[in-house]
Amino acid sequence: MTKRRAPANPRQWRNWAGTATATPARWCQPRDEAEICAAVKDAASAGLRVRALGTGHSFTAAAATDGVALDLSLWTGITAADSRTGLVTLRSGTTLRALNAALGEFGLAMANLGDIDAQTIAGALATGTHGTGARLGGLATQVEALDLVLADGSPVTCSASARPDLFAAARVGLGALGVVTAVTLRCVPSFTLAADERPLPVDQVLERFDALAAANDHFEFYWFPYGRQALVKRNNRLPGGGAERRGGTERDGESGAPLPGWRRFWEFEVMENAAFGTLCRTGRAAPRLIPALGRFASAALSSRSYTDASYRVFVTPRRVHFVESEYAVPRESLRGVLAELRRAVPRLAEPVMFPVEVRVAAADDIWLSTGYGRDTAYVAIHQYAGLPYRAYFDLFESIVAGVAGRPHWGKLHSMDSGRLRPLYPHFDDFLRVRAEVDPEDRFGNPYLARILGPVSGPVTG
Ligand SMILES: Cc1cc2nc3c(=O)[nH]c(=O)nc-3n(C[C@H](O)[C@H](O)[C@H](O)COP(=O)(O)OP(=O)(O)OC[C@H]3O[C@@H](n4cnc5c(N)ncnc54)[C@H](O)[C@@H]3O)c2cc1C
């Protein structure tokens, strides 16, 4: 397993996007569960708060702390795997990249993944990380059990049958309920995806949106503001992991072998990172060119079809830094949201350099999952690092507010507990469990105070 290093100045913490920094009073790198329990107890004795750190890929200050930073980068690896049942238990600091590689050795894979694999499993789960697929939920829906260390330093296990309320809360737990030490996932047999990516007029994509979402295992699209084309990505599972093709208009173009190494390098590193990075830097230096650059990027979108191991298709390198906000909206409101966004973006004083990404997910039953109780469309907006984004993100939030949009917990948003409560039927249940397991707010930080409010315990019922 890869070992990550603590920063040169261990008192400084900064997230990937540079949107959050912190100076923890203590930096601990526990190597086993006993050391995690001890770190939590020691923090309590010293009157310090505790946050577990993932790899800092949240745009929000979710992991920030001025108390004890629990760096779990030495707490990695699979501890049990059963190829027959698909049940896999791993330590919480394991990155998705290390997990995907290790699962391959057992003939297993995650049923769905997001765009990147740099996150830790616990960090990804804590904020409700998701991929795309109308019949699939986010990563937390693949969890069968969690081991946590609670605020009093005691270890517990929760699952659908053991402490079910804690399990319903902790699968997307925001790091508010304890330190997750181990995760048991229900994985699926390794599978191959046929990837088809092609530009289509955005109007056509929106017209066919429901059919495209229904017909493809993993459907998403990118749209460059100011452009008329969307890049439509359709990833479909090949039966038996083989090369058999399935037809149908909404599933066009399933074909191909894995991309040869040089072409992966050319498409993902050169075109999507180096060339796109140059375009973004040009836009940052001369913002008046951004609409034209966006139209150029949109017109230059090209097609590709290939097949590969699932995780090599789901995940792509993201080397161009950006800031992001993402909201989950009821699937049926997607068209209205995008129509408003398309009308409003050209009127912004500060132009937008990065594409909008649209994905889908099935309804789930996890209390603070953004997909709770409703089939979801995710709309993610981005801006190139260093360009102004506030007015754009505010505009977006005002649009999604009209359709009960729920913000991704790891991406920029301005919501607070008062506005979030009506969006989540189990919001108060989450707060009740939090008050039970962490009555002194040991795992609190300013971000949690904003989105959850104060710990109000003990609560009965
Ligand atoms: C380039 C990029 C691409 C992304 N792509 C996607 C995507 O495709 N889909 C998507 O949904 N999101 C995506 N994200 C968001 C990302 O998946 C989440 O923000 C995720 O939480 C980051 O994981 P992390 O390991 O970096 O956790 P961090 O950001 O370090 O921490 C996140 C939260 O988890 C808590 N935490 C971490 N470890 C533990 C633990 N052991 N116990 C308890 N709490 C813990 C932290 O305290 C914090 O509250 C992307 C982000 C970036 C920067």
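Below is a chat about a predicted model, its open sheet, aromatic pairs and helix faces.

Colleague: Before we start, what kind of model is this?

Modeller: A predicted one.

Colleague: Fine. What is the strand order in the open sheet of five strands?

Modeller: The order is E6-E7-E11-E9-E10. The pairing is antiparallel.

Colleague: Which strands stand at the edges?

Modeller: E6, residues 78–81, and E10, residues 155–159. Each has a single partner strand, so one side of each is left without a neighbour in the sheet.

Colleague: By how much are neighbouring strands turned against each other?

Modeller: By 15° on average, with direction ignored.

Colleague: Let's look at E6 and E7. How many bridges are there?

Modeller: Three, in the antiparallel sense. E7 covers residues 87–91. Ala81 stands opposite Val88, and Ala80 has Thr89 as its bridge partner.

Colleague: What do E6 and E7 form together, and what is in the turn?

Modeller: They form a hairpin, with five residues between the strands. Gly86 sits in the turn and has a positive phi of about 85°.

Colleague: Which helix lies across E6 and E7?

Modeller: H2, residues 96–105. H2 also lies across E11, residues 179–186. Its direction is at about 35° to E6.

Colleague: Positive phi again. Where is Leu174?

Modeller: In the loop between H4, residues 164–170, and E11. Leu174 has a positive phi of about 60° although it is not a glycine. Most residues other than glycine have a negative phi.

Colleague: Is Leu174 buried or exposed?

Modeller: Buried, with a relative accessible area of 6%.

Colleague: And what about Ala404?

Modeller: Ala404 is not a glycine either, and has a positive phi of about 55°. Its place is the loop between H11, residues 390–401, and E20, residues 406–407. Ala404 is partly exposed, with a relative accessible area of 31%.

Colleague: Switching to aromatics. How many aromatic pairs does the structure hold?

Modeller: It holds 15. Take Trp16 and Phe59: their ring centres are 6.0 Å apart and their planes stand at 85°, so the pair is edge-to-face.

Colleague: Where do Trp16 and Phe59 lie?

Modeller: Trp16 is in the loop between E1 (13–14) and E2 (21–22). Phe59 is in the loop between E4 (50–53) and E5 (68–71). The pair therefore ties together parts that are 43 residues apart in sequence. Both residues are buried.

Colleague: What about Phe59 and Phe322?

Modeller: They form a tilted pair, 5.7 Å centre to centre, with 35° between the planes. Phe322 is in E17, residues 322–330, so this pair ties together parts that are 263 residues apart in sequence.

Colleague: What is the relative accessibility of Phe59, and of Phe322?

Modeller: Phe59 is at 6% and counts as buried. Phe322 is at 9% and also counts as buried.

Colleague: Which residues form the aromatic cluster?

Modeller: Trp16, Phe59, Phe224, Phe276, Phe322, Phe354 and Tyr384 form one cluster.

Colleague: Now charges over rings. Where does Arg91 lie?

Modeller: Over the face of Trp75, at 5.1 Å from the ring centre. Arg406 lies over the face of Tyr424, at 4.8 Å from the ring centre.

Colleague: On to helices. Which residues of H8 are buried?

Modeller: H8 covers residues 290–299. Ile290, Pro291, Leu293, Gly294, Ala297 and Ser298 are buried.

Colleague: What does the face of H8 turned away from its buried side carry?

Modeller: The exposed residues Phe296 and Ala299.

Colleague: And which residues are buried in H10?

Modeller: Leu334, Val337, Leu338, Leu341 and Ala344, in a helix of residues 334–344. They cover an arc of only 130° around the axis, which puts them on the same side of H10. An α-helix has 3.6 residues a turn, so residues three or four places apart point the same way.

Colleague: Last one. Where is Ser310 found, and what is Ser310 in contact with?

Modeller: Ser310 is in H9, residues 310–314. Leaving aside neighbours within four places in sequence, Ser310 is in contact with Ala109, Phe191, Thr192 and Leu193. Ser310 is buried, with a relative accessible area of 2%.

Key. Residues are numbered from 1 along each chain as its sequence is written. This is a predicted model: local features need pLDDT of at least 70, side-chain atom pairs count only at pLDDT 80 or more; totals for chains, interfaces and linings use all residues. Side-chain values use heavy atoms; hydrogens and water are left out. Two strands pair if DSSP finds at least two bridges between them. Helices (H or I, at least four residues) and strands (E, at least two) are DSSP runs, numbered from the N terminus. Axes are lines fitted to C-alpha atoms, for helices over the stretch in contact, and angles run from 0 to 180 degrees between N-to-C directions. Contact means heavy atoms within 4.5 Å. Buried means under 20% relative accessible area, exposed over 50%, partly exposed in between (1.4 Å probe, protein chains only). Rings of Phe, Tyr and Trp (its six-membered ring) pair if their centres lie within 6.5 Å; planes under 30 degrees apart count as stacked, over 60 as edge-to-face and the rest as tilted. A charge sits over a ring if NZ of Lys or CZ of Arg is within 6 Å of the ring centre and within 35 degrees of the ring normal. The arc is that of the directions from the helix axis to the C-beta atoms.
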